[in-house]
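Biologist: I would like to learn how labels are given to residues. Please show me the model, and then I will ask.

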Amino acid sequence: MSGDMVTLTIDGKEVTVPKGTLVIRAAEQLGIEIPRFCDHPMLEPAGACRQCYVQIEGQPKLATSCTSTVAPGMVVRTQNTDDTVAEAQVANLEFLLLNHPLDCPICDRGGECPLQDQALEFGPGESRFTEAKRVWPKPLPLSPLVNLDRERCVLCARCTRFCDEISGDRFLELYARGAGERVAIAAGEDFRSPFSGNTVQICPVGALTSTPYRFVARPFDLSTADSVCPHCSAGCNLKVDLRRGEVVRQLARDNLDVNDTWNCDKGRYAFRFPDSPDRVTTPLIRDRGLEPASFGEVVERIAGWCDGKRVAFLTGGRLMDEDYYALSKLARTVMHTNDLDHRRDGGLGVSADALVASGTATATYADVEHAKVIVVAGLDAEQEVPILHLRLRKAAKRGAKIFVVGPRVTRLHDVAAHILIRAGAEGEAFASSQEQGSPLAEVRAALTEVGEGGLVLVGPRLHDGSSAWSAVEFATRSGARWAAVTRRANDRGALVAGVAPTLLPGGRNVQLAEDRAEVEAAWGGPLMGAAAEPGRDWRGILEAAANREIDVLFLIGVDPLRDYPDADLVARALANVPVRVVQSLELGSLEPYADAFLPASAFIEKDGHVTTWEGRSQRIRPVRGGKGISRPDWEIFAIIATTMGGDLGFDRLDELHADMAPLVASRATTTSDVSPARVGPIEPADGELALFTYPLLVDDGRLSERSDELQAALGTEPFLELHPDDAATRGITDGARVTVRTVAGEAELPVRISDGIAQGSAFVPFNQPGFAANTLLRGTWTIAATVTGPDTDDSAEGLASVAVGGESA
Amino acid sequence: MAIFEGSVLDDARAVIARYPKGGERSALMPLLYLAQAVDGRVTNDALVEIGKLLGITTAEVEAVATFYSMYRLRPTGTHVVNVCTNLACALRGAKDVYEEAHRAAEMDHGQEVSDDGVLTLHEEECLGLCDFAPAVQINFADHDNVSPQRIRELITSLREGSVPEPARGPVMKSFRHASRVLAGFDDDPAEGAP
Amino acid sequence: MTFERRLTRDWDDPSVVAVDGYVAKGGYGGLKKALEMDTGELIDVVKASGLRGRGGAGFPTGMKWSFVPQDTGKPTYVTVNFDESEPGTCNNRELGERDPHRLIEGTAIAARAINCHTAFIYVRGEYLWQGTVMERAVREAYASGYLGKGIAGSAYDLDIVVHRGAGAYICGEETALLNSLEGLRGQPRLRPPFPAVEGLYASPTVINNVETLMNVPDIVFKGAEWFREMGTEKSPGTKMFTVSGKVERPGNYEIPMGTPFRTLLEEYAGGVLAGGTVKAFTPGGSSTPLLTGADLDLALDYESVAAAGSLLGTGAIMVLDQTDCVVEAARRMVEFYAHESCGKCTPCREGSWWATRVLTRLENGYGRQEDMGLMQDMGKNILFRAFCALADGAASVINSSLKHFAEEYEEHVRLGYCPLTGAPADRTPAAAEEVAS
């Protein structure tokens with residue numbers, strides 16, 4: 001090991017660091033601060049700003065510590081011990097400030113600006129510059145989210161290097177040269193990168209600012225707290241800034257194990273939902289209408305409805321680990337049912353689900369970064385788990401070979417090989433990969449070659465049960481590791497807690513006696529009645545509700561009319577179930593249905609954990625107190641249990657943790673090797689296409705509400721994407737409005753023709769403003785569809801469209 | 001209207017083929033010249049089209065185009081007259097040549113194109129003609145030992161529609177012609193003529 | 001002074017521009033010999049000759065070639081730096097134009113030495129005609145079998161691609177040149193990795209200057225000892241010098257290394273224009289510190305010029321006579337660096353820009369007493385602080401002009417106008433505003 005370590009001296013202090021370390025990093029380890037602007041630990045060294053001079057003994061010139069790597073016995077002097085270095089730094093700051101407007105009093109960065117801070121600490125204090133400064137028109141909007149004030153820019157190239165090295169979205173470039181050099185974007189282009197906000201955060205001056213925060217606050221007005229992003233399963237660590245209790249800004253917080261130092265624009269800018277005017281922070285009960293009532297009163301009524309009745313629970317994917325656990329226990333021990341589900345797809349099949357929920361099958365970001373061959377199956381990482389996308393790019397940069405398997409080309413196109421497979425046929429492709437002529441032959445060979453260095457990421461498009469299982473078997477056969485990637489912030493936590501019809505906490509199968517016994521031992525009694533049998537999944541619950549086989553339906557943090565891939569079924573279920581209890585931040589489209597409403601706390605108001613797609617449970621502390629009389633979901637479940645005469649065994653969070661910990665701890669399990677039944681989509685017949693859908697990053701989701709700048713920057717109208725050949729055979733041209741028809745409904749959408757989609761497939765985003773694609777679905781995320789162009793339109797006028805807009809808007 | 005179509009697209013492909021596989025981006029500079037040969041300057045459309053040809057963003061193309069002084073992204077005369085005023089030429093009276101060029105062309109300082117559209121004047125850094133100072137280039141063809149009187153003759157000739165014979169090499173009939181040569185196509189000068 | 005001209009020996013014979021004429025005079029003989037040698041032997045000959053790079057830095061050429069690793073599994077590249085842009089320098093232009101096949105031959109030998117099969121000649125854009133001469137010569141060389149498959153009857157394949165620059169002095173810096181050749185902005189790269197290890201297309205690359213490579217055919221053909229017959233022990237061979245400015249016969253002259261400046265000035269360049277006296281001169285282009293009329297007996301070789309406090313650089317001697325203003329000359333030279341700064345690093349981008357403004361003010365008579373100290377500081381704060389050596393050129397001008405001509409600066413400040421042009425500066429408010437901007 002010592003061969004890989006280097007010992008050097010900085011300002012007379014010895015430090016030992018790994019070979020290849022930059023001097024500036026070694027100095028940081030000693031607590032020696034060397035001023036810098038272009039240096040950023042996540043970017044390649046540039047040596048551009050020249051602020052970080054040091055004297056390295058034996059070298060004729062001053063060196064920049066951000067580009068010099070350590071050497072054994074190296075003797076370094078910084079500004080603290082060398083006057084020449086200190087003078088050079090002062091001189092360089094004088095140069096840097098020549099053209100800087102010094103408009104700190106009106107600059108968003110004022111008070112937290114590296115240029116301001118370092119000019120104060122290391123700068124000349126006064127300038128000898130008497131000429132006129134360079135000026136530029138200001139600000140230059142780069143997108144609806146990001147603005148550029150070029151005269152503040154010190155040309156450190158952090159933003160352009162981020163676009164080049166990290167996101168690969170090369171919108172920002174340095175133009176021209178010399179004193180005319182500037183950061184610029186091509187005329188007519190927008191900075192349409194879902195990672196654009198990172199450039200604002202790493203700008204060492206106030207040159208890049210974000211519209212949502214521009215002129216909103218001064219740093220001393222803010223109170224700041226750490227949190228974790230509530231949007232997707234990436235688990236990005238955040239800093240949340242509040243002004244007078246309202247969130248005004250979110251920044252990425254460093255966590256090298258998770259998000260490095262980045263986040264996506266949704267995580268950064270979609271922060272207004274907890275303060276939405278639609279938020280309801282009072283319990284409601286339907287009397288002559290929905291009317292405010294006390295928690296106690298509402299819970300009493302709910303308890304009465306549930307007592308001895310058939311109760312089912314549907315949740316979203318963004319509650320906390322604690323909430324899911326409390327619900328899991330409430331359902332089984334108080335309501336005696338396994339009719340609970342957090343999902344809206346077929347999952348991995350119970351065997352693979354158990355492997356994931358028990359922590360047996362998993363991978364971390366570090367595993368992604370260091371894998372040699374990665375198969376990204378059924379996942380559009382940039383749109384669904386953006387930080388995983390960045391980590392995949394990082395892996396590619398380190399030399400990993402990446403294959404993307406799915407029906408649509410992703411933004412990994414420049415670093416990965418895409419194997420396009422018709423939507424819904426991915427599972428079969430994995431299952432038959434050993435056959436002659438398999439499109440996955442190359443992938444298999446690459447995986448087999450690296451053994452444990454291979455990793456298969458099983459994404460949401462495969463989560464129909466059997467397809468996921470095929471991918472898992474494919475990975476196992478090739479000697480590769482695999483991990484499931486889900487989409488929402490705490491899908492994984494819900495699965496671990498057992499908010500699933502067959503799985504108890506920790507991936508324990510309710511059908512397996514020894515698994516059940518472990519849970520019963522922990523919970524202090526046998527699971528009784530229906531709780532001892534597998535329950536219904538989300539679809540089963542909705543069908544049962546529609547058939548009046550369920551008495552009380554809990555809808556927790558979910559907006560079923562928008563979220564489930566069968567709008568018609570949801571509408572029937574809501575209409576036919578006698579009692580609907582809604583527990584959420586707002587009523588949304590459930591307002592006409594709710595019989596009772598329980599106001600839940602938003603994530604920034606809660607104390608608990610959220611589990612990333614990797615299975616990493618991250619602590620979140622409240623950044624502010626609860627709004628109104630809203631309460632954390634787990635507390636509400638505990639109150640319901642008590643009111644019904646039960647006892648979850650915890651009233652406080654620490655008690656809950658003690659109760660939960662033994663059951664959700666990782667444990668080794670073996671699979672029961674039950675191949676799930678095929679629940680795939682209908683095979684498209686002749687002339688039909690496999691229509692598939694998934695939510696884009698910026699869509700009409702509840703958590704993006706009021707994030708207008710985000711919508712303007714990255715949103716898109718609804719569209720239907722078609723392969724050129726499929727368009728040609730139908731006489732459809734780019735931009736034409738076409739009719740899409742499935743067994744569930746029909747819609748008229750503008751067409752985008754793209755060779756980035758598998759032939760025979762058609763894509764529609766799940767939930768763009770103005771069109772909810774679940775009106776075309778019948779329980780699966782892929783469905784056979786016919787597409788007809790305007791010229792070949794033979795649709796009967798009488799066929800009423802259930803599609804566009806509609807009740808889900 | 002597309003710039004890279006027909007024979008120009010063939011030329012572009014030939015330019016790209018000069019470079020090793022994987023090094024296609026090296027064609028960016030000659031492609032900018034090729035576009036400049038078509039339009040007399042590098043237009044926004046050219047930036048977009050070149051980006052598409054090479055699989056890079058428009059911004060990446062423009063970043064390069066704005067870095068080098070021989071690409072003109074702004075309106076440009078039929079002929080570009082470069083007057084070197086760097087030290088070796090300055091010591092031999094280049095400043096007077098430059099001023100006289102403006103008078104002869106009836107152009108103000110900072111005016112990009114003469115009113116008749118014929119000329120763009122450019123104060124140049126060292127052209128590598130120090131042994132023939134003061135030096136001038138018309139469409140990058142050399143003119144040696146240019147006195148103020150001589151620059152007036154040269155400019156008058158250009159304004160009258162005739163391009164003077166340079167000191168070495170063939171006449172560059174226009175800035176477009178020169179751009180085509182700079183893209184590496186010198187076999188058929190007529191091809192590049194306006 | 002008489003000696004056997006080497007690089008310029010065929011300058012009076014236009015027939016060598018064509019391949020037949022070149023071959024008739026023994027051309028491509030060095031290449032044929034090189035193709036029969038093994039690469040180690042070839043590099044050793046060039047090492048033994050003591051040939052040093054003529055582009056400015058004077059690095060031993062053979063050693064440069066020997067740094068190229070042969071076992072990386074990647075191709076290797078030779079890139080010819082024909083981006084001659086240092087103000088005052090134009091010998092590469094004339095060398096290439098008058099004897100293009102010698103450059104091709106030198107390039108081919110260098111390629112052979114490092115096992116390169118694709119070489120590039122990067123010609124500065126403004127050398128439109130010379131670029132065309134090279135393109136035509138390359139086509140002829142292909143047609144005559146000196147390039148392409150099995151060059152000069154051997155089994156060795158070599159392609160040469162002529163690539164035109166587009167107006168950027170910085171591309172003479174070898175890593176900026178590589179970026180430019182890759183279709184990027186011509187900004188210099190961090191070193192390490194050095195081009196010999198990771199250069200063009202991240203592959204091992206040798207970058208040589210035109211004059212350097214044109215020495216190579218004879219070195220291979222006639223041997224290292226022959227090369228050392230002229231010049232000095234540490235700077236063997238002849239060197240091209242460009243003399244310009246206030247001399248009777250500006251031009252490119254080949255002289256043995258170590259020849260006194262006085263000989264070059266008087267015997268070759270015909271002395272100072274109109275019988276004037278040398279006030280100042282650049283020994284190696286505008287980026288090398290100015291010397292004065294007191295340095296006429298300076299021997300022109302790397303060591304002697306360095307000992308006098310300057311650099312041999314590209315051998316570009318620009319002569320100022322007693323009527324020329326040093327402040328104005330400094331202003332114009334520093335303005336050049338401001339114009340050509342690539343913008344990447346602070347001291348160069350901002351320093352050269354600021355210095356140009358202060359020098360403009362001084363020359364126009366708006367100088368202030370404290371400007372002297374400011375310029376001193378600025379020179380100090382730019383020199384050796386920038387990413388690459390470009391800014392050092394600006395600093396050298398500032399520092400050397402202040403060192404030798406401080407009183408001339410002071411006089412500008414004292415008089416409020418340039419003492420040499422004599423005309424009092426126009427002090428209208430408009431002019432003052434222009435100066436300030």
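**Labels and their cut-offs**

Modeller: B:Asn145 is found in the loop between strand E4 (141-143) and helix H7 (148-159) of chain B. Helices (H or I, at least four residues) and strands (E, at least two) are DSSP runs, numbered from the N terminus. This is a predicted model, where local features need pLDDT of at least 70 and side-chain atom pairs count only at pLDDT 80 or more, while totals for chains, interfaces and linings use all residues. Residues are numbered from 1 along each chain as its sequence is written, chains are lettered from A and ligands numbered from 1 in the order in which they are written, and side-chain values use heavy atoms, without hydrogens and water.

Biologist: Why is B:Asn145 called partly exposed?

Modeller: Buried means under 20% relative accessible area, exposed over 50%, and partly exposed in between (1.4 Å probe, protein chains only). B:Asn145 has 46% relative accessibility, so it counts as partly exposed. B:Asn145 also has a positive phi of about 45°, although it is not a glycine.

Biologist: What makes C:Phe384 partly exposed?

Modeller: Its relative accessibility is 43%, so C:Phe384 counts as partly exposed. C:Phe384 sits in the loop between helix H15 (369-382) and helix H16 (390-415) of chain C. Its phi is positive, about 65°, and C:Phe384 is not a glycine.

Biologist: Why is helix H18 of chain A called largely enclosed?

Modeller: 7 of the 9 residues of this helix (residues 538-546) are buried, so the rest of the structure largely encloses it. A:Trp538 and A:Leu542 are among the buried ones. Just after H18(A), A:Arg548 takes a positive phi of about 60°.
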